[in-house]
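Load the model and let's go.

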Amino acid sequence: MVPILACLCFMIINKKIHGMMKINVLGIIFSFLLIGASYGQKNAPEPFGPIPNENQMRWQEMEYYAFLHFSINTFTDQEWGTGDESAGLFNPKELDARQWARVCKEAGMKGIILTVKHHCGFCLWPSKYTEFSVKNSPWKDGKGDVVRELADACKEYGLKLGIYLSPWDRNHADYGKPEYITYFRNQLTELLTNYGPIFEVWFDGANGGSGYYGGARETRRIDSKTYYDWPNTYALIRKLQPNIVIWNDGGDRGDLRWVGTEAGYVGETNWSLLNVKGDVTNDMLRYGLEKGDAWVPGEVNTSIRPGWFYHTYEDTRVKTLPQLMNIYFSSAGRNGTLLLNFPIDTRGLIHENDVKASKDFADAVKETFAVNLAEKAKVTSSNIRGNSKDFGPEKVIDGNNDTYWATDDGMASASLTIDFMEPTTFNRFLVQEYIRLGQRVKAFTVEALVEGTWKEVAKASTIGYKRILRFPGVKATGVRFIITDSKSSPVISNLGIYNAPLLLSTPAVVRNKSGEISITPVDAESVVYYTLDGSTPTAKSKKYEGPFQTEGKIQLQAIAIDPSSGKSSPVSQEKYDISRKDWKIIGIENETANRVLDGNPSTAWHQGRDRKLPVELIIDLGLGQNLCGFRYLPDQVRTTGFILNYQFYVSNDNSIWKLVAEGEFSNIKNNPSMQVSLFKAVKARYIKLVALKNTSGNDDIGYAEIDVITQ
């Protein structure tokens, strides 16, 4: 190895080698050095199957980074813009990219991906190829550049910068035509040459549909696999940013894959593999492909709120600490990375509630993994590769990611035993494969030595870059990690055992049709306290003794307190509008239709299969009310029947109807959360929700909850 490197070094002095520039040769030398670090030991295992390239390794090691959603949508209170908005709406008077970077850094994140252009086509940088950008907004008199400010802030705080550029552009007149590809690549070139190193480029899978399109106001369809000419687009990207990774949810295979959901988890089995060619099913997105021929790891993207863009009504819907910890264990703890979104608010800041949630999350992760109980234990193994100390079991606790325990070739099963020497309590188990040599383990178990007897405490399938298992606390003198099946001889780089502190979850709150409220703690031994005036509850607040009746609008807040430790859960917050006790569904005899009014998000009702779109749901509110909006929650169990396009009418006599709202529930298919539509206040007794189109292209329409917003 050394003579080869010396020879290469000599050859690059003031020369080109076979047409390659010096920088390319230096890259080859760097690769040799990395390979040497991995394979320099005598008798090191050979790579098995696809392995990550250096760009993918750098990305995987980031583990946790931020998404920032910010655009015209922020000022129109929409998830997706239509492309006909005025650039004059964009005016974040307190925009502070340094605050964004500081919050992300303090949250433990390693980078930021910004939505520089969403589907509406509005650009957060002064692109010379369109007028629909910050240069025609009142913000900084049209002289601002959000991307530049964030790039500078990321550099200051030591964060990597990524960009989200929507392939779909509902504003541009040429979208759907060949000319648009030139426009798209021109904008990519601007972004990839003017703002320094870019670690990831993100291409959303939403492509084609209704839009403004330069005034045409029509629906345009494209073939997402061929229209963008991805091979040449990728070549441009890699030429401009050689160290980048590409995320693409449509078209040619990128370096990373979507995991099939925006709910914040990847499958418990998660192979970092797909096939280079062929369609990708939802199961492949969720679980990867064990026999895939390309390294395509999963990135878990989710938002800290229900929506991706900022909405005032979601200020009390920020994910709780237990929810965020569950997302962490279901993403970074399952061989994925976590891309957590902050919606930038209309001021141009990350909202205070989001800041607090992310800081609490960072502190909890740090506390959970502060003490590795295995580090001071004695570790032995069932087999050591060639009986060499280079591959001994102690390598899994040496804190070095580039060393590993390995077995002899041909072994599909093996084990490590950790001896604590004394009874030790733990509830988390972490293990990492040395993925530079491929992903191998197919199944493993974790056992604890309790009073002289081995007892299974957890079992799982894949490991990959990192796997973390959770289980009830157990007190034991030893732990046994048993690999029960592996595609090739195992290579394990790290192992950790931890005792995470107790986290109480927020109590569940339900208000039924009659106005009765029930509060249920996750831990039956907890005591619940609550308030009804929006104030923060404490142990001195009203104690929950059982269901109670309420009338009208209320702001309920509740906490669960563990009597033994005195620890409390995050606050559960619910804002309820008028009671639905006098509401009636008109024209439908099916009693199960009342599920849309029962206050329970876990129940749902679907229109009959004989109904063809458009279909309507009419509700009598019992009395005239001053209405200014409505809420629609799609079925939370089934993934069908989601309303996409709608019209909402009101009436005082169930005869003469007035249209007060219409539009689309953008992104509801991937994020089936509560949808809110606001309109100018009007007094009415009857409401009618008309479903014009669903997300599946058929006639199925379902509802978990329907509610109104009153003045």
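Before the first stop, some terms: helices (H or I, at least four residues) and strands (E, at least two) are DSSP runs, numbered from the N terminus. Axes are lines fitted to C-alpha atoms, for helices over the stretch in contact, and angles run from 0 to 180 degrees between N-to-C directions. What you're looking at is a predicted model, where local features need pLDDT of at least 70 and side-chain atom pairs count only at pLDDT 80 or more, while totals for chains, interfaces and linings use all residues. Residue numbers start from 1 along each chain as its sequence is written, and side-chain values use heavy atoms, leaving out hydrogens and water.

**Stop 1: α5 and α6**

Select 97-106 (helix α5) and 146-157 (helix α6): their axes come within 8 Å and cross at roughly 40°. Angles under 35 degrees count as roughly parallel, over 145 as roughly antiparallel, 65 to 115 as roughly perpendicular and the rest as oblique. α5 and α6 are therefore oblique to each other.

Now show side chains. On the α5 side, the contact (heavy atoms within 4.5 Å) is made by A97, R98, W100, A101, R102 and K105, and on the α6 side by V146, E149, L150, A153, C154, E156 and Y157. Colour by class, with Ala, Val, Leu, Ile, Met, Phe, Trp, Tyr, Cys and Pro as nonpolar, Asp, Glu, Lys and Arg as charged, and the others, Gly among them, as polar. You'll get eight nonpolar, no polar and five charged residues in this contact.

**Stop 2: α7 and α8**

Next, pick α7 (178-194) and α8 (230-240), whose axes come within 10 Å and cross at roughly 20°. That makes α7 roughly parallel to α8. This crossing of α7 and α8 is right-handed. F184, R185, L188, T189, L192 and T193 of α7 meet W230, N232, T233, L236, I237 and L240 of α8. By class, that contact has seven nonpolar, four polar and one charged.

**Stop 3: α10 and α11**

Move on to 321-329 (α10) and 352-368 (α11), where the axes come within 10 Å and cross at roughly 55°. That makes α10 oblique to α11, and α10 passes α11 in a right-handed crossing. Display L321, L324, M325, Y328 and F329 from α10 with A357, D360, F361, A364, V365 and T368 from α11 to see the contact. Its residues divide into nine nonpolar, one polar and one charged.

**Stop 4**

Most residues other than glycine have a negative phi, and most peptide bonds are trans. Zoom to E63, in the loop between α3 (54-62) and β1 (64-69): its phi is near 70°, a positive value in a residue other than glycine. Then jump to L613 and P614, joined by a cis peptide bond with omega at about 0°. P614 sits in the loop between β27 (605-606) and β28 (615-633).

**Stop 5: a pocket and a cavity**

On a 1 Å grid over the protein atoms alone, a cavity is a set of points where a 1.4 Å probe fits but cannot get out, and a pocket is an open set with protein on both sides within 12 Å along at least five of seven lines; lining residues have an atom within 4 Å of a point. Grid points are joined across faces, edges and corners, and a volume is the space filled by probe spheres set on the points.

Centre on D77, Q78, E79, Y646 and E664, which lie nearest the centre of the second largest pocket, among its 31 lining residues. Its volume is about 610 Å³. Which strand gives the most to this lining? β31, with four residues.

Last, select R511, N512, K513, Y576, D577, I578, S579, R580 and D707, which line the largest cavity. Its volume is about 70 Å³, and its lining has two nonpolar, two polar and five charged residues.

Note on methods. Left-handed = near helix turned anticlockwise from the far one by under 90°.
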